[in-house]
Amino acid sequence: MMNDKFINQITEFIFVENKLDKSDIIFIPGSGFPQLAEEAAKLYHQGMAPYVLPSGKYSILKGEFSGVQQKQKLYDGKYATEWEFLKEVLKKNQVPEERILREDQATYTYENAIYSRKVTDYLNMDIEKAIICCKPYHARRSLLYYQLLYPKTVFYMYPIQDSDVKRENWYFTEKGIGLVFGEIQKIGEQFVDLTKEMIKI
């Protein structure tokens, strides 16, 4: 028998989603899924933010760009980095190139946040509000890292809807359960040293 309270607590922790407000920038943590940039483009055209910053070189585990994960016929170019791929998706969805910022060094989520902060600092951008477009099950970890690097920024999480694992169904499949508890495991492993450093243990 499914324990609704247990499922709800895990769901609320991992699947962060907010009502959006106009922001200074849209962040996209690195990915080979075009839906992240497609959704970011829609938000740009709705006037939700004047700039989009895709971030990503490739996965540190792979050592190279893993390739386009979906809609390969639509996005059939050869891409060296996640940023190059996400930029192409944005351009094909009519986001002007001058509104697409560049970060192509990050190899994992924490670096997405670190190097994105370097980009916005270099451009002297004051980020008071920001939107993060991400996969639904990646929302909490993305938010935690970007909050660390932008402690004064108000973040609005915008998980893509075109995902086979999301808050409404993750607990029905082995894939969904694995991804969600994989995120919990990563948060537990990756934030131990950061938390100790913050409270000076």
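Okay, let's start in the middle: the largest nonpolar core here has 30 residues, and Phe27 and Phe155 are the ones with the most contacts inside it. By nonpolar core I mean a set of buried Ala, Val, Leu, Ile, Met, Phe, Trp, Tyr and Cys residues joined through side-chain atoms within 4.5 Å. Buried is under 20% relative accessible area, exposed is over 50%, and partly exposed is in between, with a 1.4 Å probe and protein chains only.

A quick word on where this comes from. It's a predicted model, where local features need pLDDT of at least 70, side-chain atom pairs count only at pLDDT 80 or more, and totals for chains, interfaces and linings use all residues. Residues are numbered from 1 along each chain as its sequence is written, and side-chain values use heavy atoms, with hydrogens and water left out.

Back to that 30-residue core. Which elements give it two or more residues? They are helices H1 (4-14), H4 (109-122), H5 (139-149) and H6 (174-190), plus strands E1 (25-28), E3 (129-134) and E4 (154-159). H5 gives the largest share, 5 residues. The helices (H or I, at least four residues) and strands (E, at least two) are DSSP runs, numbered from the N terminus.

Now zoom in on Phe27. Leaving out residues up to four places away in sequence, Phe27 touches a list of residues including Leu53, Ser116, Ile132, Tyr146 and Phe155. A contact, by the way, is heavy atoms within 4.5 Å. There's also a second, separate core, with 26 residues, and Ile26, Ala49, Tyr75 and Ile131 are among them.

On to charges. A salt bridge here is a side-chain nitrogen of Lys or Arg within 4 Å of a carboxyl oxygen of Asp or Glu, and by that rule the count is 10.

Take Lys87 and Glu97: their closest N and O atoms are 2.7 Å apart. Lys87 is in helix H3 (residues 82-92) and Glu97 is in the loop between H3 and H4, so this pair ties together parts 10 residues apart in sequence. Lys87 counts as buried, at 17% relative accessibility, while Glu97 is partly exposed at 41%.

Next, Arg117 and Asp121, with 2.9 Å between the closest N and O atoms. Both are in helix H4, 4 residues apart, or about one helical turn. Arg117 is partly exposed at 27%, and so is Asp121, at 39%.

Then there's Glu183 with Arg141, a salt bridge at 2.8 Å, N to O. Glu183 lies in H6 and Arg141 in H5, so the pair ties together parts that are 42 residues apart in sequence. Are these two buried or exposed? Glu183 is buried, at 5%, and Arg141 is buried as well, at 7%.

Let's finish on H6. It has 17 residues and reaches 23 Å from its first C-alpha to its last, close to the 24 Å expected at 1.5 Å a residue; the expected span is 1.5 Å times one less than the number of residues. Which residues of H6 are buried? Gly176, Val180, Gly182, Glu183 and Ile187.
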